[in-house]
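Please read them with the sequence and the coordinates open beside you.

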Amino acid sequence: WRGPGGPPPTDISLFFSPQPLTMLRGSPSNTSFFNESTSPSDETVFDFSNQDLSSGSSFRHLLRIVEEPEDATKFGACKMDLSSTKFASSADFNVLLSALCKNTSVEELNLSTNHMCSSDFISETNGSSLRELLQSNSTLRKLDLAGHCLSREAVLELTQGLKSNSSLTDLRLHNCALDEESVSLVLEHGKRLTTLDIGANKNLSLDFLTSNVTQFLRTSTSLRSLILDQSSSMFAATEATILTPFWEVLETNTTLQSLSLRSCRLCDPVGEALMEALTKNETLVKLDLEFSGFGLKEPSKQALVRLLPRMKGLRELKMITRFPANMTPSLLQAVKDNTSLRVFRPLVSDKAQHNLIQGILERNLRNSQAEMVAPADGRALLATAVLAPALSCLGHNTYGVPAAHKVLLHYISECVLS
């Protein structure tokens with residue numbers, strides 16, 4: 001587990017702790033699960049990823065945590081990673097889900113699999129155990145089922161659970177062999193979701209993107225993050241006009257903040273149309289195009305340089321593209337003209353130009369941080385009275401403070417003292 005002293009994980013990829021539970025990596029008979037110094041406010045992560053829980057003693061240790069004995073309840077909200085965990089049978093898996101129905105601590109549950117370490121118990125039980133979990137549990141906020149081959153019957157059970165669940169906001173169905181009818185059920189009953197991953201489901205067509213997915217984006221008022229990674233079949237167009245409904249909804253959408261199209265094999269016209277749509281959208285702040293193919297050829301690089309200054313809402317752009325020396329000055333000017341972008345790492349051969357680009361992005365970040373912490377007019381007097389002495393002292397004693405923090409610190413001090 002990861003408790004005090006370590007950075008709180010921000011996504012499922014950080015669940016893998018360098019110091020896992022003693023019972024997992026050490027002696028399975030050890031029943032001392034918890035660090036005595038942990039307080040209820042510290043974030044707790046139980047990492048069972050890639051573990052063999054087919055033996056009775058190991059599985060009982062897991063159930064002990066899930067069923068919340070007296071020494072576990074003091075931890076409050078926690079995360080549990082059971083990715084690629086091996087269970088003895090579907091019966092054990094169902095016992096676990098039944099125990100989770102009554103659990104009031106686990107907020108994030110990772111049940112993803114790589115098909116190597118565990119049988120696909122969700123399909124074996126047609127998802128009824130998942131339906132019961134969602135209908136009974138009012139604590140769970142995030143559920144990751146990536147890698148499971150979910151039958152249509154299993155998805156039907158899952159969505160029946162979504163109907164009556166008001167707590168789940170983050171659902172990951174990456175590479176679940178879903179067909180269009182199954183995804184339609186998820187879109188129909190997932191109106192309260194803020195994050196949805198339906199990437200790498202190979203049976204989704206371009207028509208499905210321009211109709212069902214587009215309609216979902218048009219009507220959902222909750223969705224903040226949409227992940228369509230490895231969905232080349234939905235973007236298999238040689239002309240951008242074929243995807244016009246999708247571009248139109250991106251232009252007008254006011255809730256979506258993050259869109260991921262990694263490994264979607266976008267042709268240049270489609271990628272350019274996407275960028276053009278985002279020049280009219282000021283809500284989307286993060287776009288991931290890594291390994292999408294866009295930005296490899298010169299026309300796409302020229303389009304990026306031309307459109308980047310007009311993408312005023314975008315803060316983070318992930319893509320792999322190398323700019324030749326003759327295009328670097330125009331790229332530098334485009335980055336200068338965009339005052340919102342903070343994360344962008346184009347491959348530039350000239351180190352000085354590279355440093356200039358990153359310097360501009362760091363300036364944008366500092367400016368945005370300063371805007372967030374600058375006191376509002378109505379609280380200026382209070383801020384001056386309370387913060388000024390402390391900031392003034394810190395301004396003279398910044399030993400050990402990172403350079404970026406020093407800059408921000410002095411900026412805050414100047415704002416408050418003025």
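**Notes on the model**

1. I begin with E108, which counts as buried at 10% relative accessibility, where buried means under 20% relative accessible area, exposed over 50% and partly exposed in between (1.4 Å probe, protein chains only). The model is a predicted one, in which local features need pLDDT of at least 70 and side-chain atom pairs count only at pLDDT 80 or more, whereas totals for chains, interfaces and linings use all residues. Residues are numbered from 1 along each chain as its sequence is written, and side-chain values use heavy atoms, with hydrogens and water left out.

2. The side chain of E108 meets that of K79 in a salt bridge, at 3.8 Å from N to O; a salt bridge here is a side-chain nitrogen of Lys or Arg within 4 Å of a carboxyl oxygen of Asp or Glu. Because K79 lies in strand β2 and E108 in strand β3 (residues 106-110), this pair ties together parts that are 29 residues apart in sequence. Helices (H or I, at least four residues) and strands (E, at least two) are DSSP runs, numbered from the N terminus. K79 and E108 are both buried.

3. E108 also forms a salt bridge with R141, their side chains meeting at 3.5 Å from N to O. R141 sits in the loop between α6 (128-136) and β4 (142-144) while E108 is in strand β3, so this pair ties together parts that are 33 residues apart in sequence. In contrast to the buried E108, R141 counts as partly exposed, at 33% relative accessibility. Taken with E107, the residues K79, E108 and R141 are linked in a network of salt bridges.

4. How many salt bridges does the structure hold? The count is 13, and one of them joins E316 to K318, with the closest N and O atoms 3.6 Å apart. K318 is partly exposed, its relative accessible area being 29%.

5. As for burial, β3 is mostly covered, with four of its five residues buried.

6. In a regular strand the side chains alternate between the two faces of the sheet. In β1, T44 and F46 point one way and V45 and D47 the other way, and all are buried.

7. Helix α13 (residues 328-337) has T328, L331, L332, A334 and V335 as its buried residues. These residues cover an arc of only 160° around the axis, which puts them on the same side of α13; the arc is that of the directions from the helix axis to the C-beta atoms.

8. On cysteines, the structure holds zero disulfides, a disulfide being a pair of cysteine sulfur atoms within 2.5 Å. C264 is buried, with a relative accessible area of 0%, and C101 also counts as buried, at 14% relative accessibility.

9. N175, in the loop between β5 (170-172) and α8 (180-189), has a phi near 55°, a positive value in a residue other than glycine, and counts as partly exposed at 38% relative accessibility. R265, in the loop between β8 (258-260) and α11 (268-278), has a positive phi of about 50° although it is not a glycine, and counts as exposed at 64% relative accessibility.

10. Two further loop residues complete these notes. I320, which is found in the loop between β10 (316-318) and β11 (322-323), is partly exposed, with a relative accessible area of 36%. D229, in the loop between β7 (225-227) and α10 (244-252), is buried, with a relative accessible area of 13%. The C-alpha atoms of D229 and D197 are separated by 8.2 Å, the two residues being 32 residues apart along the chain.
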